[in-house]
Amino acid sequence: METRIKMVTKMKYSKSLLIVMIAMVGLYSCVPTREVRNESVSVPGNYQNQSTDTINTGLVEWRTFFKDPNLVALIDSALVKNQELNIMLQQVDIAKNRIQAKKGEYLPFVNLQAGAEVEKVGEYTRNGAVEKNLEVKEGEEFPEPLTNYMVGAFATWELDVWKKLRNEKKAAVYEYLSSVEGKNFMVTNLVAEIADSYYELMALDNQMAIIDQNLAIQQNALRMVKLQKQAARATELAVKRFQAEVLKNQSHKYEIQQQIVEVENRLNFLVGRSPQHIQRASDNFIDTPIDVIYAGIPSQLLQNRPDVRSAEYELAAAKLDTKAAKANFYPQFTIKAGLGLEAFDTKYLTTTPESVLYSAIGDMVAPLINRNAIKAQYKNATARQLQAVYEYEKAILNAYIEVANQLSNIDNLKKSYELKDGQVQALTESIDLSTRLFQSARVEYIEVLLAQREALESRMELVETKKDQLLAQVNMYRALGGGWN
């Protein structure tokens, strides 16, 4: 009879195990899969009409790239005080803390627990009857009401069989690295924006100086026309036209003055301080040399550009998130254990082994029916992974196009500046020539006005072109990934 019971028990156990195994096989066969294409990192071997030399200006430290000490001081101050950058640094710290949180998830959780309770049960219940007729020891009954005291340590540990927790921790690491690169990209843009505003401010100073010089010429011409009128060699119309030109340029001075105030305050905002004068040396702005920029080869952008590297880390994190989401379909194995002391009276709490409590439980939980939530989570993870693929490819393409655009811009601005410089020289000479011809009554006053106006416009345009050349250098440096190191 005993042998038969053992055989029946063994058969029941084997049958249960077989059912579990069949259920597991069926469960695994129902796990969805979705193929996500790999990212493309192919770039041309070189920029159009450029050599394959690997010398790259983007690797130059910004203190070396910018030679103006006033500009260097502004950038130095901004890297410490700029509010947006400091906000971003806190975001980096938050991402770093996520790594610590995820790392702790695949280690055992151990909690210390202590408690006290009091309970009074009815006498005509099972528990009440037992307590009424049961002695703690001979001559000592259970107290009424019954108290209970407990202290112990309890642990819970999820076994990371499918590497879900480790993948989530690695994803957090990549998210942190992405945030670091995001901070570097912000530094690159901050450095470029300060340099842009600084050169714009210097250009405005030079335009103001040009207007002052032109006003002196125009006021001298106005006095000459008035004398010509007194000698009946010019009309009141000529006087009014020259006077209007003087007033027009005096008005333009105030417009430029307002622009100077706004650009100064923009720089102060970037530096993180209240409005104040920006120290600068604008006298030799027009003679500022334009250094040669070495673009290197396109493949260097994958390592030099912080935004490209940030997108790469985001993609790596998205791949791991997909793996973690897929692991939700598999069984989770959890171990729970506890060890402590428990007694109805504190005087028995340290009496061992009678008051010792311990437990050990192993759980396996697997989703079987109504898995729509985890299916949706997995689909979302794969969709985000595909998004990250496109974001990475877009970052690479954008980086290449930015460099290609700036290479063309630098070349065209150089040719434009040379032509405008010749134009300025010719028109400056025409002012003196037209004035002498007007004095000898060989040309009309309108010729003098046109010569002065065209000379002013050409000099203003030359300053603007010089500014554009300097901005193109800064933008090229930023496009190559310089400025953050």
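I55, V292 and Y294 make a nonpolar surface patch of about 310 Å². This is a predicted model, where local features need pLDDT of at least 70, side-chain atom pairs count only at pLDDT 80 or more, and totals for chains, interfaces and linings use all residues. Residues are numbered from 1 along each chain as its sequence is written, and side-chain values use heavy atoms, without hydrogens and water.

**Surface patch**
- Patch residues have over 30% relative accessible area and no salt bridge, and nonpolar side chains are joined within 5 Å.
- A salt bridge puts a side-chain nitrogen of Lys or Arg within 4 Å of a carboxyl oxygen of Asp or Glu.
- Areas come from the Shrake-Rupley method with a 1.4 Å probe.
- Y294 lies in the loop between helix 7 (236-271) and helix 8 (301-304).
- Y294 is partly exposed, at 42% relative accessibility.
- Buried means under 20% relative accessible area, exposed over 50%, and partly exposed in between.

- An open sheet holds 4 strands in the order 1-4-5-6, with antiparallel pairing.
- Strand 1 (109-119) and strand 6 (356-365) are at the edges with a single partner strand each, so one side of each has no neighbour in the sheet.
- Strands are DSSP runs of E with at least two residues, and helices are runs of H or I with at least four.
- Two strands pair if DSSP finds at least two bridges between them.
- Strand 1 and strand 4 (residues 146-159) are joined by 11 bridges.
- A114 is opposite V151 in strand 4.

**Y348**
- Y348 sits in the loop between strand 5 (332-343) and strand 6.
- Y348 is buried, at 17% relative accessible area.
- Y348 and Y149 are 199 residues apart along the chain, with their C-alpha atoms separated by 9.6 Å.

Definitions and conventions
Buried means under 20% relative accessible area, exposed over 50%, partly exposed in between (1.4 Å probe, protein chains only). Patches are made of residues with over 30% relative accessible area and no salt bridge: like charges are joined within 9 Å, nonpolar side chains (Val, Leu, Ile, Met, Phe, Trp, Tyr) within 5 Å.
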